[in-house]
Amino acid sequence: MYKGDTFVDLGTADYLAEKYHKKKESLLYLARPVAHRKAKPGGTRVLLYRIED
């Protein structure tokens, strides 16, 4: 999870939803390409990046 260029936290969608009191579905949207396209460069929008092993 990043806010702008700043690292915020790392974990599963369930973990982040519980910790930050957000819906899991809302967080999963923030990991989708459409959310990344809508974010302004250098903005402060929270975005998630999927990391797969």
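Trainee: Which residues does Asp9 touch, not counting those up to four places away in sequence?
Mentor: Asp9 touches Met1, Tyr15, Leu16, Lys19 and Tyr20, where contact means heavy atoms within 4.5 Å. This is a predicted model, in which local features need pLDDT of at least 70, side-chain atom pairs count only at pLDDT 80 or more, and totals for chains, interfaces and linings use all residues. Residues are numbered from 1 along each chain as its sequence is written, and side-chain values use heavy atoms, with hydrogens and water left out.

Trainee: With which side chains does the side chain of Asp9 make a polar contact?
Mentor: One partner is the side chain of Lys19, at 2.9 Å, and another is the side chain of Tyr20, at 3.0 Å. A polar contact is a pair of N or O atoms within 3.5 Å; within protein, one atom must be able to donate a hydrogen and the other to accept it, and residues adjacent in sequence count only if both atoms are side-chain atoms.

Trainee: Is Asp9 buried or exposed?
Mentor: Asp9 counts as buried because its relative accessible area is 10%. Buried means under 20% relative accessible area, exposed over 50%, and partly exposed in between, with a 1.4 Å probe and protein chains only.

Trainee: And where does Asp9 lie?
Mentor: Asp9 is in the loop between β2 (6-7) and α1. Helices (H or I, at least four residues) and strands (E, at least two) are DSSP runs, numbered from the N terminus.

Trainee: Let us turn to the core. Which residues make up the largest nonpolar core?
Mentor: Its seven residues are Met1, Leu16, Ala17, Leu27, Leu30, Ala31 and Leu48. Helices α1 (13-20) and α2 (24-30) each supply at least two residues of this core. A nonpolar core is a set of buried Ala, Val, Leu, Ile, Met, Phe, Trp, Tyr and Cys residues joined through side-chain atoms within 4.5 Å.

Trainee: What is Leu48 in contact with, leaving aside its neighbours within four places in sequence?
Mentor: Leu48 is in contact with Met1, Leu16, Leu27, Leu30, Ala31 and His36.

Trainee: What about pockets: what volume has the largest pocket?
Mentor: The volume of the largest pocket is about 300 Å³. Gly11, Leu48, Tyr49, Arg50 and Ile51 are the closest to its centre among the 16 residues that line the pocket. On a 1 Å grid over the protein atoms alone, a pocket is an open set of points where a 1.4 Å probe fits, with protein on both sides within 12 Å along at least five of seven lines; lining residues have an atom within 4 Å of a point. Grid points are joined across faces, edges and corners, and the volume is the space filled by probe spheres set on the points.

Trainee: By class, what does the lining of the largest pocket have?
Mentor: The lining has twelve nonpolar, two polar and two charged residues. Helices α1 and α2 each supply at least two residues of the lining.

Trainee: Where is Ile51, and is Ile51 buried or exposed?
Mentor: Ile51 is in the segment after β3 (46-47). Ile51 counts as exposed because its relative accessible area is 67%.

Trainee: Another topic: what phi has His21?
Mentor: His21 is not a glycine, yet has a positive phi of about 55°. His21 lies in the loop between α1 and α2, and counts as exposed because its relative accessibility is 71%.

Trainee: Finally, which residues does Lys3 touch, not counting residues up to four places away in sequence?
Mentor: Lys3 touches Val8, Thr44, Arg45 and Val46. Lys3 is in strand β1 (residues 2-3), and is partly exposed, with a relative accessible area of 45%.

Conventions: Ala, Val, Leu, Ile, Met, Phe, Trp, Tyr, Cys and Pro count as nonpolar, Asp, Glu, Lys and Arg as charged, and the others, Gly among them, as polar.
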